[in-house]
Amino acid sequence: MIDLNAYLNEKRILIENALREIFISLKDVPGILKDSMEYMLFSNGKKIRPILALATCESLGKPVDNLLPFACAIEMIHTYSLIHDDLPSMDNDDFRRGKPTCHRVFGEAIAILTGDALLTEAFRIMSDSRYTEGVSPRIVKKIIFEIAKAAGAEGMVAGQAMDIMYDGREGSKSIVDYIHTHKTCALIRASVRVGAIMGGAKKRELAALTRYGECVGLAFQIVDDVLDIEGDEEIVGKKLKKDRTKQTYVKHYGLATSKLKVEKLVEEAEKCVQFLGEKAELLKGLASYIGSRNF
Ligand code: GRG
């Protein structure tokens, strides 16, 4: 039996240490930018995306050493998205991860630049031979493409644009589905796929793991919508009940259906990884953790 909490802690430390190494290697960065990058990168995030990547690779029986820089890049892109999402021109949030948001501490211009720096550095790391030495160029290219597609104008940014455009409007089920699958799901799905690619997944395995990623990605966002209504601000670490004007799953499907949908998605995710046999336990555990999180 896997001790999931121990696994999550162990991997969080692994990712944080790797991020620290990357951060320390950045020498010629203006003080305020370095401070703001450090403030956000080492601020108690759950690291669920890089953990999903590592867990997928491990479940396929492959070591994660070569994957670690890519997992860090995913976390850096996620962190940039949170910084920009919190800006006054976007969600205008004062708290994130239980602390004042980046722009509240460093000002709006530096917060924008901190996001820009994290996004750009993520792609530098994935293409820097110092970090990718042991990986074939074909796999490196495949992974960079996967992450770029998920984070870009057809992925996370598309979802965020629609989220903003539909703020305060009636919207519809198909709009909320679009927003969730792009804004949140795309990067989570890509994290699983990157782990699968590095783990040498065969075509059918990759397809099953992709669906697993879609299920946990959507479940993750619906839980977020439920937490906005029912969560505890202290535990979640940000201001809640802020999504009333937004396109949320709860708005269009109701609270009970939203919770049921999460259960169904977790069940489907668990079925998707049955092919792993005993090795499925970890990904099943992560799916259930995502479906039942309270922060
Ligand atoms: C600015 C391009 C751009 C995109 C922003 C992801 C995102 C898109 C915005 C975040 C808005 C939000 C709060 C969505 C709910 C789901 C979500 C992504 C929550 C934050 O992710 P966690 O819980 O964060 O993994 P931690 O703090 O644990 O890293």
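## Packing of H4 and H10

Helices H4 and H10 run roughly antiparallel to each other, because the angle between them is about 175° and angles over 145 degrees count as roughly antiparallel. In this predicted model, H4 spans residues 68–86 and H10 spans residues 173–198, with the two axes 11 Å apart.

On the H4 side, the contact is made by Phe70, Ile74, Ile77 and His78. H10 contributes Leu187, Ser191, Val194 and Met198.

The residues that come nearest to the ligand are Lys46, Arg49, His78, Arg97 and Asp224, out of 21 around it. His78 is also one of the H4 residues in the contact with H10.

In the side chain of Arg49, an N or O atom is 2.8 Å from an oxygen atom of the ligand. For His78, a polar side-chain atom lies 2.7 Å from a ligand oxygen. The side chain of Arg97 likewise has an N or O atom 2.7 Å from an oxygen atom of the ligand.

## Cover and shell

On its own the ligand has 690 Å² of accessible area, and the protein covers 94% of that. H4 gives the most, with six residues.

The shell around the ligand divides into eight charged, seven polar and six nonpolar residues.

Terms used
Residues numbered from 1 in each chain as written. Predicted model: local features only at pLDDT ≥ 70, side-chain atom pairs only at ≥ 80, totals over all residues. Heavy atoms only, no water. Axes fitted to C-alpha atoms, helices over the stretch in contact; angles between N-to-C directions. Helix = DSSP H or I, 4+ residues; strand = E, 2+ residues; numbered from the N terminus. Parallel < 35°, antiparallel > 145°, perpendicular 65-115°, else oblique. Contact = heavy atoms within 4.5 Å. Near = heavy atom within 4 Å. Polar contact = N/O pair within 3.5 Å; in protein donor to acceptor, adjacent residues only side chain to side chain. Areas by Shrake-Rupley, 256 points an atom, 1.4 Å probe, with all protein chains shown as cover. Nonpolar A, V, L, I, M, F, W, Y, C, P; charged D, E, K, R; others polar.
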